[in-house]
Amino acid sequence: MLILAAALAVGTVVAVALGEAPRDGAIVAWAALLAAALADIALSVRPIRTARIDLPTEVFVGERARLRASFEAESRGAPDRPEGVARLDWPAGLKGPRELTIRAGADGLHAEAELLATRRGAWEIGTLWVLRPSRFGLFEIISTLAIHRAVRVVPNIRLVQSGQIAATVISTLYGVKENRAIGDGSEFHQLREFSPGMDVKAIDWKRSAKQRVLLAKELRAERNHHVILAIDNGYLMSEEIAGLPKIDHAITAALATAWAAAIGGDLVGAFSYDARPRSFRAPVPGRQAFAQLRSWTAELSYVARETNHTLALSALKARTPKRSLIIIFTDFVDVTSAELLVENLAMLVKRHVVIFVAIRDPDLERRVDGRPDSMDAVAELVTANLMLRERRTVFERLARLGVSVVDARPGEVTAQVISTYLEIKTREMI
């Protein structure tokens, strides 16, 4: 429309300069353009009045979901191949394409897109804008539709649903541990008749004398240990790594470990903290603990407060008098900021078994492995090397204190934490 009007304006100026006859032709041209515009409006599809969004009500954080928008339009003489785009007002916890192409199908007009859930919480898709060309392409018809479709982004438990964790724990603890030769473990399980190949030290002589047959004790690993998942919710855990905040990677690993501990017969509790202790859940046995923890972790918010490890770990020590396995998900920047953390872990490890979980930044490693091509790149390389060296120094200090350190990339954290838990349990370190 603008192009035609501009061309006619230039032609009109030329026609006025040439004389009366060309002026009449210019008037006719303007009248034709006006008629075409009115016809275009009359024949065009009217603005879309309603739209329906098909989207899962729950999406795991870090995963993608398919969105389908269906449109209904009151039309007269609708074109065979309508075109247009739709724009969504994406909330902070969801990411998707800026524009969705509207296409015609057997079931009407629709548009599809793939969204990524980046933050936990309840998010609402509030407004959708639809922009469609008119029949002759002279106008663009814009419709603003209120959608108000809510989506809950929840902690990721895909590994739990797949059964992979259950298979790993059962095969490690039950398929191997309880079928080993007598003498493994420290908890009495049952008496069984002695057979060649068994350890002679396992014979219960008193009961054998009463029964007049050699009986041996069968032992197994202790159960019903307390496993506490301590999650740091300070501002450092809000840093994004691999598209998600560190706190979400930690929650995913914590929930998977809670499921493994529940299957392993242990009691699972939880503790969260930032500038001060926030919440504590006493250890609970079985799958009930997992359901409670999933609800609890879904409510952990993203905060901008600095973590006070001294106050938090002192409170945790006071609340866990029984020897427990404490898994701490946290992070630090340098040796200086980690000093208080190390001192408090030294006090905690005197009574408990501690696993320290840190999430490695793949981007930092790529900077170290890359080849610098400028002075700025050289400065980044030196800084990244210094940061990695300081992290290794802290991890070495923790290892000397007896703390089990897990420093893994985001996609490997869950597997390494569960592996460390199973190793501690089979070695009966709790």
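**Reading the model**

Author: Phenylalanine 332 and phenylalanine 356 are both buried, where buried means under 20% relative accessible area, exposed over 50% and partly exposed in between (1.4 Å probe, protein chains only). The model is predicted, so local features need pLDDT of at least 70, side-chain atom pairs count only at pLDDT 80 or more, and totals for chains, interfaces and linings use all residues. Residues are numbered from 1 along each chain as its sequence is written, and side-chain values use heavy atoms, with hydrogens and water left out.

Reader: What pLDDT does the protein chain average?

Author: pLDDT is the predictor's confidence in each residue, from 0 to 100. The protein chain averages 84, and 90% of the residues score at least 70. Over residues 76-80 the pLDDT is below 50, and this stretch has 10 contacts in the model beyond near neighbours in sequence; contact means heavy atoms within 4.5 Å. Residues 176-184 also have a pLDDT below 50, with 23 contacts beyond near neighbours in sequence.

Reader: How many aromatic pairs does a search of the whole structure find?

Author: A pair of aromatic rings is described by the distance of the centres and the angle of the planes. Rings of Phe, Tyr and Trp (its six-membered ring) pair if their centres lie within 6.5 Å; planes under 30 degrees apart count as stacked, over 60 as edge-to-face and the rest as tilted. The search finds 6 aromatic pairs. In one of them, phenylalanine 332 and phenylalanine 356 are tilted, at 6.4 Å centre to centre with 40° between the planes. This pair links distant parts of the chain, 24 residues apart: phenylalanine 332 is in the loop between β18 and α9 (335-348), and phenylalanine 356 is in strand β19 (residues 353-359). Helices (H or I, at least four residues) and strands (E, at least two) are DSSP runs, numbered from the N terminus.

Reader: Which charged end sits over the ring of phenylalanine 332?

Author: A charge sits over a ring if NZ of Lys or CZ of Arg is within 6 Å of the ring centre and within 35 degrees of the ring normal. Here the charged end belongs to arginine 391, 5.1 Å from the centre of the ring. Arginine 119 lies over the face of tyrosine 302, at 4.6 Å from the ring centre.

Reader: What is the strand order in the open sheet of 5 strands?

Author: Two strands pair if DSSP finds at least two bridges between them. The order is β2-β10-β9-β4-β6, with mixed pairing. The edge strands β2 (58-60) and β6 (99-101) each pair on one side only. Strands β9 (residues 121-133) and β10 (residues 140-154) run antiparallel, joined by 12 bridges. Isoleucine 125 stands opposite arginine 149 in β10.
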